[in-house]
Amino acid sequence: MDTMAGQDMDQLPLIAVTGVTGNIGGAAAAALSAEGYPLRLLARDSSLGRVPRLKGAQAAPFIFGYDPQTVEALRGVGTVFMVSAHEGSSRVQEHKGFVDAAQEAGVRHLVYLSFDGASEDADFTLGRDHYATEEYIKKSGLPYTFLRDNFYIEAFIEWGKSGIIAGPAGNGRVSAVSQKDVAAAVTAVLRNPVLHSNTTYTLTGPQPLTLGEIAGILSRETGTTVTYKNETLEEAYASRRAQYDVPDWELDAWVSTYTAIGSGRLAGVTHDVELITGALPLSFEDVLRISCQGTR
C-alpha cells in the first residue's frame, strides 16, 4: 500500500509521539520516520538521552501534565500519540493536564493508548484511570482516537521465565495482543487520523486463553516447564507484600491484573487489528517464536 499517495511530503502535518523510549511509541516513530513523516519525539528531561535518532525527527522535552514546556513541545503539532503516564496516584491529573496543554497548543487530533474494557468499574484498577482519561478527552472537544489494547502477549512470556505464573485468575480467559500489532495499529492511525476520528477500537489477539493454557504453550514452545498457580485473593496479596514494599494502589493493580482475567471481561476477540492494519493479529505462538528467534 502506498501510504502517502496524493500527499505532498512538504505539507504533511507534524506528528508528536510520546512513549518513544518504549516498545509501542518507539516502533511507531521508527515506522513513520522510515516513511518520511515529520516527527517530534517527546520525552522527559531524564529520558532525552534515550530518544532514538530518527530521520526527520526532533526531540523535545516535556512534562506529563499542564506545563509551559509541554505546551511548547506540542506547538505546531497536528496529531499527538499519547501513551499513558507512569503508573501512580496522580496519573489521571497528569493526563488531564497534558490534554489541556494539547488544546492550548492547537493540536488537532489526539490518539490515546487506552485499555480493553476501560470503564468506571473496570476489574483491572488501572483501567479506571484510562476511562477517566477518555472521558476528559471527549469533554475537551478534541477529535480523538482511542486504541484500547488487551494485556500484552510479551508480558506473559516474560512472566513465564520464572517457571510459574501465579495469580487469582481462575479459568478466566484473556485475548492478549502483541505489542507489534498495537504499534502497527498506532502507525496506521497516525498516518491518516481523520479516517479514525472520534472512534474507539479494541485491540486483541486471535485467541482467548486461560493462564493454564498459556503456561502450556510456554512449556511446549520453550522446552522449559512453566506452571500456573491459581492463587486465592489472600494468597496473591500476601505473596506480593512479602516481596515488595509498595503502596496499596500498586498492590491492587498487580492483583487485579489476574482478577480482571478471571472476570471474563478480557476474553472477547475483535477484528480491529485487521480492520486498521489489513493484517491478521499475531497469535501467542507467533510472538513466542519470534521472540525465541531474536535471542539466538
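Ala236 is buried, with a relative accessible area of 0%; here buried means under 20% relative accessible area, exposed means over 50%, and partly exposed is anything in between, using a 1.4 Å probe and protein chains only. Ala236 has its place in helix H8, residues 233-243. Helices (H or I, at least four residues) and strands (E, at least two) are DSSP runs, numbered from the N terminus. Setting aside neighbours within four places in sequence, Ala236 is in contact with Pro168, Glu231 and Val255, where contact means heavy atoms within 4.5 Å. Ala236 and Asp252 are 16 residues apart in sequence, and their C-alpha atoms are 10 Å apart in space.

The model is predicted, so to speak of local features a pLDDT of at least 70 is needed, side-chain atom pairs count only at pLDDT 80 or more, and totals for chains, interfaces and linings use all residues. Residues are numbered from 1 along each chain as its sequence is written, and side-chain values use heavy atoms, with hydrogens and water left out.

Turning to the whole fold, the protein chain contains 11 helices and 11 strands. Its radius of gyration is 19 Å, close to the 19 Å that the globule rule gives for 296 residues, so the chain is as compact as a globular protein of that length. This radius is taken over C-alpha atoms, and the globule rule is 2.2 Å times the number of residues to the power 0.38. Along its principal axes, the C-alpha trace spans about 55 × 40 × 35 Å. Of the 296 residues of the protein chain, 49% count as buried. Among contacts between residues at least 6 apart in sequence, 75% join residues at least 24 apart.

Next comes the interior. A nonpolar core is a set of buried Ala, Val, Leu, Ile, Met, Phe, Trp, Tyr and Cys residues joined through side-chain atoms within 4.5 Å. The largest such core has 30 residues, of which Phe81 and Leu147 touch the most other members. At least two residues of this core come from each of strand S1 (14-17), helix H1 (23-34), strand S2 (39-43), strand S5 (109-115), helix H6 (179-191), strand S9 (199-203) and helix H10 (272-277). H6 gives the largest share, 6 residues. Beyond its neighbours within four places in sequence, Leu147 is in contact with residues including Val111, Leu113, Val186, Tyr201 and Ile276. Apart from this core lies another, of 26 residues, among them Phe156, Val174, Leu209 and Ile214.

Strand S9 also holds Thr200, which counts as partly exposed at 36% relative accessibility. Not counting residues up to four places away in sequence, Thr200 touches Tyr144, Phe146 and Arg148. Thr200 and Tyr144 are 56 residues apart in sequence, yet 8.5 Å apart in space, C-alpha to C-alpha.

The loop between H6 and S9 contains Asn198, a partly exposed residue at 46% relative accessibility. Most residues other than glycine have a negative phi. Phi of Asn198, however, is near 55°, a positive value.

Pro206 is found in the loop between S9 and strand S10 (209-210) and is partly exposed, with a relative accessible area of 37%. Pro206 touches Val269, Pro281, Leu282 and Ser283, residues up to four places away in sequence not being counted. Pro68, in helix H2 (residues 68-74), is exposed, with a relative accessible area of 63%.
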